[in-house]
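The following note is intended for a colleague who is meeting this structure for the first time. Please read the points in order, with the structure in view.

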Amino acid sequence: MTKVEEGLFTDYYLKVAGSFSELEVREEENKIRVPEKVIRCIWNDQLFKPVPLFTVAGEKIEIESPGFWNFGSSGPDFSSARIRINGKLLNGDVELHVHSVDWDRHQHGKNSDYDNVVLHVFMWKSKEANKKLNREETKPVYELELKSYLEKGILELTESLDFDSYPIFNEFNFGLCHEPINNLSEEKLSHLLNSAGEARILSKMDRFHDRVIIDGYEQTFYECVAEALGYPSNKKSFQTLASALPLNKLKRFLPENANQAEKVIHVQAILFGISGLFPFKSLKKDLLTPKDLKYFEKLTDLWRDYEQKIEITPLSADIWKFKGNRPANYPYRRIAALANLVVRHIEYGMFEDFLTLFKSAISKGEKKGYNSRLFKPFFEFFCVDSPEYWDLHYTPGGKELTSVQKPIGVSRSREITVNMAIPLGLIYARASKSDVLEYALKILYESGNKPVDNKSIRFMKRFILGEDKRLLGLLKTDKQTQGLMQVFQDYCAQNKNNCSQCRFPDVVKRHFS
């Protein structure tokens with residue numbers, strides 16, 4: 001085996017963790033693997049068709065409140081829900097499963113923690129479970145089978161859900177996995193984190209694969225970058241915007257002879273218009289400087305012209321979330337930044353430009369050796385720093401900032417490279433059977449000394465690693481911190497941070513000790 005072949009991405013973690021982190025469900029002749037966390041996300045967001053819901057026994061269900069996601073303690077998945085059954089209001093808890101028989105398998109009927117459950121929600125009803133659940137004659141547990149009510153197919157929903165954005169925090173003591181992890185040698189813990197980090201890239205690759213086949217690399221890359229710009233609260237909204245206005249259609253409307261700055265404002269006008277945010281309600285033109293007034297009048301004139309040409313219904317402004325976001329992350333600046341990226345790569349495409357630059361780095365690396373300096377441009381590839389309105393403002397007509405702030409800085413650019421560019425690049429590498437390209441992508445994933453950090457990773461540093469300096473010292477690259485994220489999604493999120501139900505300590509002992 002060559003050095004390049006030894007340095008390819010491996011699925012070892014997925015093999016040893018898969019049997020613990022997912023449930024296998026058989027529906028007729030088909031075998032569908034659906035993590036239970038998917039059902040929780042569907043219930044949390046109420047991703048149902050706009051049709052009346054009915055229990056398996058035929059009672060009409062009206063959901064006034066799905067309840068509160070329960071993290072970190074035993075008991076039902078959602079508490080304090082408000083559900084009407086045939087018009088009668090019930091206040092209580094909701095328990096969710098992939099399969100209806102799981103209620104009996106988990107012996108919830110014999111557990112007093114589940115005495116307040118009013119609704120049992122599941123994806124499929126088991127053939128062997130036909131009787132109505134009862135704790136006692138006067139207090140039935142109503143049952144809802146989801147399969148006929150989902151707004152999209154279960155596999156499509158699973159692909160579109162962004163598990164990282166769901167509630168995660170419940171900081172109490174350390175996880176039960178902390179002790180077996182603390183007992184690992186540095187070599188073995190590094191193996192665990194690296195294996196999980198590679199699994200995260202492979203999982204993202206699987207998520208994007210079908211989109212590449214249907215829409216091509218450039219459109220998929222464009223949508224993925226847009227989605228990343230919406231982090232943390234507007235990822236779905238940005239992906240919807242990019243999907244509603246495909247790149248090839250956007251390009252057709254741009255004036256060929258315009259310079260780059262002119263094209264940027266054209267794309268901004270179109271994106272703001274389609275987003276539903278334009279015209280800006282907060283904008284007071286009488287308070288603008290002459291330069292800023294000229295900019296917004298230009299946007300208005302351009303959108304008025306494009307609105308007649310583009311046969312796309314603008315999105316609802318209600319899909320954009322501002323509450324809870326830092327002003328620097330408001331969608332205005334990120335939409336403007338997306339326009340900059342589109343125009344910067346208008347000739348060949350964003351993915352093609354990234355790939356061309358990366359292949360050039362590979363050529364240099366093969367001659368002189370790979371190093372972190374060689375890969376620095378790729379962590380800064382998506383930075384946007386242009387002398388325009390949004391470098392100095394968070395909102396339309398808002399107070400001018402005391403200093404320039406890039407709409408996309410190095411930290412966000414790095415996140416896009418790690419979470420979007422590397423998985424999509426890996427799809428391309430394997431499709432073109434280029435071990436050299438895959439090897440270089442893995443080195444990129446392992447390079448640098450400032451890994452991506454977010455609240456999920458910070459939670460895991462405490463919950464699993466116990467803020468231990470020796471263990472934290474092993475988090476040197478994105479691959480290792482992303483490995484923590486993968487463990488979180490496979491186990492902590494799957495088990496609601498309830499260690500008593502988690503099998504990760506067994507995985508550590510059996511496969512990594």
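**Notes on the predicted model**

1. The residue K433 sits in the loop that connects helix 15 (410-431) with helix 16 (435-446). Helices (H or I, at least four residues) and strands (E, at least two) are DSSP runs, numbered from the N terminus. K433 counts as exposed, at 75% relative accessibility; buried means under 20% relative accessible area, exposed over 50%, and partly exposed in between (1.4 Å probe, protein chains only). The phi angle of K433 is near 55°, a positive value in a residue other than glycine.

2. Residues are numbered from 1 along each chain as its sequence is written, and side-chain values use heavy atoms, with hydrogens and water left out.

3. As to the overall architecture, the protein has 20 helices and 11 strands. Of its 513 residues, 54% count as buried. Among contacts with a separation of 6 or more, 71% are between residues 24 or more positions apart, where contact means heavy atoms within 4.5 Å. The accessible surface comes to about 24400 Å², and carbon and sulfur atoms hold 48% of that surface; the areas come from the Shrake-Rupley method with a 1.4 Å probe, and for residues only the protein chains shown count as cover.

4. Helix 16 also takes part in a helix packing. Two packed helices are described by the angle between their axes and the distance between the axes. Helix 13 (residues 350-368) and helix 16 pack at an angle of about 90°, and their axes are 10 Å apart. Helix 13 and helix 16 are therefore roughly perpendicular to each other. Helix 13 contributes L355, F358, I362 and E366 to the contact, and helix 16 contributes V436, L437, A440, L441 and L444. These residues divide into eight nonpolar, no polar and one charged. Axes are lines fitted to C-alpha atoms, for helices over the stretch in contact, and angles run from 0 to 180 degrees between N-to-C directions. Angles under 35 degrees count as roughly parallel, over 145 as roughly antiparallel, 65 to 115 as roughly perpendicular, and the rest as oblique. Ala, Val, Leu, Ile, Met, Phe, Trp, Tyr, Cys and Pro count as nonpolar, Asp, Glu, Lys and Arg as charged, and the others, Gly among them, as polar.

5. The next point concerns strand pairing, for which DSSP must find at least two bridges between two strands. Strand 6 (residues 78-85) runs antiparallel to strand 7, and six bridges join them. I85 has K88 of strand 7 as its bridge partner. The two strands form a hairpin with two residues between them, and N86 in the turn has a positive phi of about 50°. S80, which lies in strand 6, has a phi near 55°, again a positive value in a residue other than glycine. S80 is partly exposed, with a relative accessible area of 44%.

6. How is strand 7 related to strand 8, parallel or antiparallel? The two strands run parallel and are joined by six bridges, with D93 opposite V117 in strand 8. Strand 7 (residues 88-99) is mostly covered, nine of its 12 residues being buried. Strand 8 is largely enclosed by the rest of the structure, because eight of its eight residues are buried. Strand 8 also pairs with strand 11 (residues 142-145) in the parallel sense over four bridges; here L119 stands opposite Y142.

7. M123 belongs to strand 8 and is buried, with a relative accessible area of 2%. Leaving out residues up to four places away in sequence, M123 touches I39, H97, V98, E145, L146, K147, L150 and I154.

8. H108 is placed in the loop between helix 4 (102-105) and strand 8 (117-124). H108 is buried, with a relative accessible area of 4%. Apart from neighbours within four places in sequence, H108 is in contact with E95, H97, W103 and Y114.

9. One peptide bond also deserves attention: the bond from F278 to P279 is cis, with omega near 0°. P279 is found in the loop between helix 10 (260-275) and helix 11 (290-309).

Technical notes
Predicted model: local features only at pLDDT ≥ 70, side-chain atom pairs only at ≥ 80, totals over all residues.
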